Every structure is written in C-alpha cells, then in structure tokens.
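Welcome to this guided tour. Open your viewer, get your selection tool ready, and follow along stop by stop.

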Amino acid sequence: MSFQNFITNAVSEWMNGEGEDADIAISSRVRLARNIQEYPFPILATDSQLEQITAAVRQVMEDEDCKRQGPFEFIRMDQLTGLQKRVLMEKHLISPNLMAESRGGAVLLSENEAFSIMVNEEDHLRIQCLFSGLQLQKAWEAADRMDDIFEKHVNFAFDERRGYLTSCPTNVGTGIRASVMMHLPGLVLTHQINRILSAIAQVGLVVRGLYGEGSDASGNLFQISNQITLGQSEEEIIENLTSVAHQIIEQERAARRYLMQNRRLLLEDQLCRSYGVLTNARIIESDEAAEKLSDVRLGIDLGIIRNIPLSVMNELTVMVQPGFLQQHVGQQLDSDSRDERRARLIRERLQSAME
Amino acid sequence: MICQECHQRPATLHFTQIINGEKMQLHICEVCAQEKGHMFPGGMNDFSIHHLLSGLLNQQGSNAVSFQQTEQEKSLHCETCGMTYPQFSKSGRFGCSDCYEAFAERLDPLFRRVHGNTRHSGKVPERSGGTIKLKKEVDQLKYELRMCIEQEEFERAAQLRDRIRELEQQIAHL
C-alpha cells in the first residue's frame, strides 16, 4: 500500500463509530514517549544521529512481532508536501509539532491507521495508538505491546527513579499521554461545561483542543487527557481517565435527557435547522461547519435526524479541515474557495449517506 | 464578533498585544491574520507548555537569594550533551537523558510542581530497566508469601519461597 492512501482516504478505522459509548466518546488515544539511550534528544541530535535513529526504527519493522501488528508503511516527512503533512495531522496520525518542525522526522503507520509511530518528534519515538469509542484499556494494551517490540531492539533511556526519560519534563516517568475525544453538546447547551471542566482539572486531568495542546475546542469536541506522568502507574492513569470519561458521559446523557424533556421543540428546531444549513449551504466557514456538524451529530444520537451513520459525521469532521479539503480538490485554495468547496463536500457526502 | 480589520468576516483569532506597556486586544479573522503575519504554523498559538515550564524554572531561580547561587546555576551543565542549566531553564527541555543526572538537584521541586511526585512507579523496560523489574517481582512474591502463611496455605508458600530464591539468585548474577 502506498502512503498516498493515508492521504487520499478520509476514513480511518478510529472513525468507524464503533466501540463503547462511541456516540459521545468519539475516539481513545494512548501515546508513549520513548528515547533511545545512546542519542541526544531530537532538539540537540545532529542530522546524522537523527538518520541513525530512523534506521533503527526501520529495522524494528523487520521484527516478526511487529509485522503481526502491521503491515506498516514508513513515511519520511521530507517526502511529503506541506499539504500532505497537514492531512496526516488532520487525521490525527501525526502531531502538529511533527508537521511544523520535521528535521529528520518520519512516521510509521499501520495499514488500518490504529498505530502511528512518530520518529524524531520532540522525543525519538512517540508510539501512538488510536481506537474508536471509549477503548482506553485496549489502546494502552496495544501501545504497550508495540513498546515491548521496540524494546527488544533498542535501549530505552530509563532511570529507576525517574522512569522513562523524555525531552520535556512534563512527560517523564511513564511517558504516557492517554486521551479521549468527547462530543459534549448537551453540557454546553445546559451551561454545565465549565463546571465540569474545572472539576476535571482538580483530578490531574486536562482538557485540550482537538489537535492537542494549544488548539481550539470547536464543534463541542473536547479532548480530555492525563496531565501527570510521574508517580502514577500506566494502569492507574488509564483507570482514572476511563472512570472520569464514564462520569462525563453520564452527565452528558443526563443533560441530553433534560433537554429532550424540557426544551424538545427548541432543540429539534435548532438541530433540524443545522441539518438544513448543511444540506443546502453554498458557502460555509470552518467554524460554522463544526458547529452545525455538532448539531447534526446530536440530532442523530437523539433519533431526531435519521439515516445518517455516525461514521459519516466522524469522516466529515476530518474532511472539512483546510488541508483535507485542498487535497480532495487537488489544488491550493484560498479561504473563500475553501468555504465554497467545504459546503459542496458536505452536501454531497450527506446526500450519498441518505441514499 | 466581527473582524476588526475587514469588518466583514467573523473574528476567529483573539490576541492580546502588549506594546510599550500598552495592552491591546485584537479580534481578527483568519484571512486578515494571515495577511498581517499573525498566523502560526498549524494554527497553533505560539505560547506552549515550554514557556510555562521556563517560567516555573526561572521562578525557582529568582527565589534564590544570593548572587553566588545564580552563578553556580549558570555554570551547571550536562557533560554529555553540553546543555547548560540556563539553556534548559529557558527552553524547558532537556538535551539528552544524562541531563536528568546533571540537573538532578534542581529537578525535584519542578517535578513536584508538575506531577505532584518525584518517583516513577509505572512500567519498567525488560533490558534497560536492569534488575528493577526482577526486584519488583520479588517484592510482589514476598507479599503473596506473607498472605499465604497468614492463611496457612503452606504448599503454595513453599512454591513461592523457591521462586523468590530463584529470582534473588538471578539478581545476584546480573
């Protein structure tokens, strides 16, 4: 399979809308930060050291256990155009950081896009595992397995007291960052979201935007992840986050029930209007698209809007991003043309889903 | 909110600029931001976790009363990669794994602030972890052994005792 498939196909397995509570918990991700003992961290490594790290990773691909998890495709960042990198970022397969500063950067992708192993990002290795729905335990087990495979071939920088040594002090210890992407329109509409987000902060978890640290939470999508990596075991971190995610899901369901019981007509009106906009608009900006897609998703969850699978909504969330849109059309587009293409793409995709 | 520049599109980017001590709020759209050079790579805000860390580290420095101590910090560096303590505290990132040793005495307060903890208690790699993994297993088995003795399960206790001896011999030979 060529790397082109990762870029031209919008659909990744994590978007299939399956897995526990997948209506609210869209996806679960576990990322492990690892470094190889013999080399300086990527910020200080020379070009030739970065090459050696890349070569070591390519060797791991030959491991029989690794092949069983795959098949994998190895992609160097310098082989990609800016737009292609952006598409991988929009699909959550690489980080904004690897997209922007990719000296010696590469990514090892499994065919089903469940594994994405970033090379020479902030750390030598970022082993990422992404699943649909609330499946943190499964994602951790898969990432752990892949970590063991790498460990057979390279010496990880590890210290008895500090754990896995990482470039940034915020990742030291387990090096684990686990996160759940959640769609929480009910909590936003009932104005409870801030209360819940500040409670989350008190239990060592953090809310980030859709593409991680520093990005916006648009379309009522929130990414909740662990903040602490030192002093807690991976299992504790996964259990904590899973338990908090369950509680947020319950709160979101309660908010939705409240809205359906007390403001049904208003809610139906808003959601159906949004559906009307998406199926008819000729120009749509990304913020408006995110907002209306969120409404339609909620409409599907509540049975108000029928015949559209959730996977289509997940797919559209990725497809309407600037990078993907331009890739889809096959040319660079200015902001105005993007708005037009975005509207057309949404109309077409929703129409074909209804047929 | 409408963009302050074009007065047409909605403002999607919000900045606070401080120029010569004067605070200015900017609300602009993506198009105008791009034209005015306010766009950041990947739509990311330039402010990152590293700025925060750097702030924390430098705060520790400014708490230090004597000039001598700051001088000492200035000369502190990692022999392996050459990263100096001032460089580390400015970037908020280590240069190599040996920096953890080089700046060891400065790190506990930082880790306590960021993680509320200074010691790892998670996964231990098979090889690089040396004997830690085996020692952990021995601790766990010893705990199980105590439980077995308390519950008078002597047959299982004997098995555990043999396994513990075996592991302890392995550790001694490593």
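Which elements of chain A cover the buried residues of α12(A)? Among what covers them are β1 (25–34), α4, α11 (286–301), α13 and α14 of chain A. Before you select them, a word on the ground rules. This is a predicted model, in which local features need pLDDT of at least 70 and side-chain atom pairs count only at pLDDT 80 or more, while totals for chains, interfaces and linings use all residues. Residues are numbered from 1 along each chain as its sequence is written, chains are lettered from A and ligands numbered from 1 in the order in which they are written, and side-chain values use heavy atoms, with hydrogens and water left out.

**Stop 1: helix α12**

Select residues 310–319 of chain A, which form helix α12. Helices (H or I, at least four residues) and strands (E, at least two) are DSSP runs, numbered from the N terminus. In α12(A), 8 of the 10 residues are buried, so this helix is largely enclosed by the rest of the structure. Here buried means under 20% relative accessible area, exposed means over 50%, and partly exposed lies in between (1.4 Å probe, protein chains only). Color the buried ones: L310(A), V312(A), M313(A), N314(A), E315(A), L316(A), V318(A) and M319(A).

Now zoom in on N314(A), which sits in helix α12 of chain A. Its relative accessibility is 4%, so N314(A) counts as buried. Leaving aside residues up to four places away in sequence, N314(A) touches M15(A), G17(A), I26(A) and R297(A). Contact means heavy atoms within 4.5 Å.

**Stop 2**

Angles under 35 degrees count as roughly parallel, over 145 as roughly antiparallel, 65 to 115 as roughly perpendicular and the rest as oblique.

Show the side chains where the two helices touch. From α12(A) come V312(A), M313(A), E315(A), L316(A) and M319(A), and they meet L345(A), I346(A), R349(A), L350(A) and A353(A) of α14(A). The residues of this contact divide into 8 nonpolar, no polar and 2 charged. (Ala, Val, Leu, Ile, Met, Phe, Trp, Tyr, Cys and Pro count as nonpolar, Asp, Glu, Lys and Arg as charged, and the others, Gly among them, as polar.) As you look along a helix, remember that an α-helix has 3.6 residues a turn, so residues three or four places apart point the same way.

**Stop 3: helix α13**

Next, select residues 322–329 of chain A, helix α13. Of its 8 residues, 6 are buried, so α13(A) is largely enclosed by the rest of the structure. The buried residues are P322(A), G323(A), F324(A), L325(A), Q326(A) and Q327(A). They pack against α1 (4–8), α4 (82–90), α12 and α14 of chain A.

Keep α14(A) in view: α13(A) packs against it at an angle of about 80°, with their axes 10 Å apart. That makes α13(A) roughly perpendicular to α14(A). At this contact, P322(A), L325(A), Q326(A), H328(A) and V329(A) in α13(A) meet R338(A), R341(A), R342(A) and L345(A) in α14(A). Step just past α13(A) to find G330(A), which takes a positive phi of about 85°.

**Stop 4: a loop residue**

Jump to E20(A), in the loop between α1 and β1 of chain A. At 42% relative accessibility, E20(A) counts as partly exposed. Not counting residues up to four places away in sequence, E20(A) touches G133(A), L134(A) and H246(A).

**Stop 5: where the chains meet**

Finally, show both chains. Chain B has 8 helices and 2 strands. Between them the two chains bury about 4,100 Å², 54% of it on carbon and sulfur atoms. Buried area is the accessible area (1.4 Å probe) that two parts lose on being put together, summed over both. To end, select R161(A), R162(A) and P169(A): they supply 15% of the area that chain A buries against chain B, more than any other three residues.

Technical notes. Axes fitted to C-alpha atoms, helices over the stretch in contact; angles between N-to-C directions.
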